[in-house]
Amino acid sequence: MNPASQALIENYYAAFNAGDMDTFLGLLTDDVVHDINQGERQVGREAFREFMNRMNRNYKEQLVDMVIMSSEDGSRAAAEFVVLGEYLVTDEGLPEANGQKYRLPAGAFFDIRDGKVARITNYYNLNDWIAQVGG
């Protein structure tokens, strides 16, 4: 484990859970790459900001049961967690939202460069989520 990378990812998720998007986005490189397993790639901090604006409008989420791992050299990290969420506003192409609650296991992989997150790849089971929200 690398203490600096460990702290970076802890701070990243603490800012997410606090809804502190300025801190959250400030932990990313300008050219950050964000991949979500069943969605499109965002490249750059501003594209990721737009993605997060949509997510925060449509969903209310907290991440719990967090386990973070990092490579010894600090260049890579991974996290496993559970998403506790509420589906607030219908997201395009997905079932209708009416405040459904969900609990979804998820994980993420990170590349770290110059003390910031340079890549985030998120994984979760979309079919499980759809079943939970009644789609």
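Colleague: I take it that two strands count as paired if DSSP finds at least two bridges between them. In what order do the strands of the sheet come, then?

Modeller: This is a predicted model. Its 6 strands make an open sheet with the order S2-S1-S6-S5-S4-S3, and the pairing is mixed. S2 (42-43) and S3 are the edge strands, each pairing on one side only.

Colleague: Which helix packs on the sheet and touches S1 and S2?

Modeller: Helix H3, residues 45-58, packs there and touches S1 (28-36), S2, S3, S4 and S6. The direction of H3 makes about 50 degrees with that of S1.

Colleague: And H4, which strands does it lie across?

Modeller: H4, residues 126-133, lies across S3, S4, S5 and S6. Its angle to S5 is about 155 degrees.

Colleague: Back to the strands. Do S1 and S6 run parallel or antiparallel?

Modeller: S1 and S6 run parallel, joined by 5 bridges. Aspartate 35 stands opposite threonine 121 in S6, and histidine 34 has isoleucine 120 as its bridge partner in S6.

Colleague: What does histidine 34 stand opposite in S2?

Modeller: In S2, histidine 34 stands opposite glutamine 42. S1 and S2 pair in the antiparallel sense over 2 bridges, and a hairpin of 5 residues joins them.

Colleague: How many of the residues in S1 are buried?

Modeller: 7 of its 9 residues are buried, which leaves S1 mostly covered.

Colleague: Now the other side of S6. How many bridges does it make with S5?

Modeller: S5 and S6 (residues 116-124) pair over 8 bridges in the antiparallel sense. Phenylalanine 109 stands opposite threonine 121 in S6, and isoleucine 112 has valine 117 as its bridge partner there. Threonine 121 is also the residue that aspartate 35 stands opposite.

Colleague: What is going on with phi in the hairpin of S5 and S6?

Modeller: That hairpin has 2 residues between the strands, and aspartate 114 takes a positive phi near 55 degrees in it. Aspartate 114 is not a glycine.

Colleague: Buried or exposed, that aspartate 114?

Modeller: Aspartate 114 counts as exposed because its relative accessibility is 75%, and the cut-off for exposed is over 50%.

Colleague: How many bridges join S4 to S5?

Modeller: 12 bridges, and S4 and S5 (residues 100-113) run antiparallel. Glutamate 80 stands opposite glycine 107 in S5.

Colleague: Changing topic. How many residues are in the largest nonpolar core?

Modeller: The largest nonpolar core has 37 residues. Those with the most contacts inside it are Ile9, Tyr12, Tyr13, Phe24, Phe48, Phe110 and Val117. In soluble globular proteins, nonpolar side chains tend to be buried together.

Colleague: Take tyrosine 13. What does it touch?

Modeller: Leaving aside residues up to four places away in sequence, tyrosine 13 touches Leu63, Met66, Ala79, Phe81, Ala108, Phe110 and Asn122.

Colleague: Where does tryptophan 129 lie?

Modeller: Tryptophan 129 is in helix H4. It counts as buried because its relative accessibility is 4%, and the cut-off for buried is under 20%.

Definitions and conventions:
Residues are numbered from 1 along each chain as its sequence is written. This is a predicted model: local features need pLDDT of at least 70, side-chain atom pairs count only at pLDDT 80 or more; totals for chains, interfaces and linings use all residues. Side-chain values use heavy atoms; hydrogens and water are left out. Helices (H or I, at least four residues) and strands (E, at least two) are DSSP runs, numbered from the N terminus. A nonpolar core is a set of buried Ala, Val, Leu, Ile, Met, Phe, Trp, Tyr and Cys residues joined through side-chain atoms within 4.5 Å. Buried means under 20% relative accessible area, exposed over 50%, partly exposed in between (1.4 Å probe, protein chains only). Contact means heavy atoms within 4.5 Å. Axes are lines fitted to C-alpha atoms, for helices over the stretch in contact, and angles run from 0 to 180 degrees between N-to-C directions.
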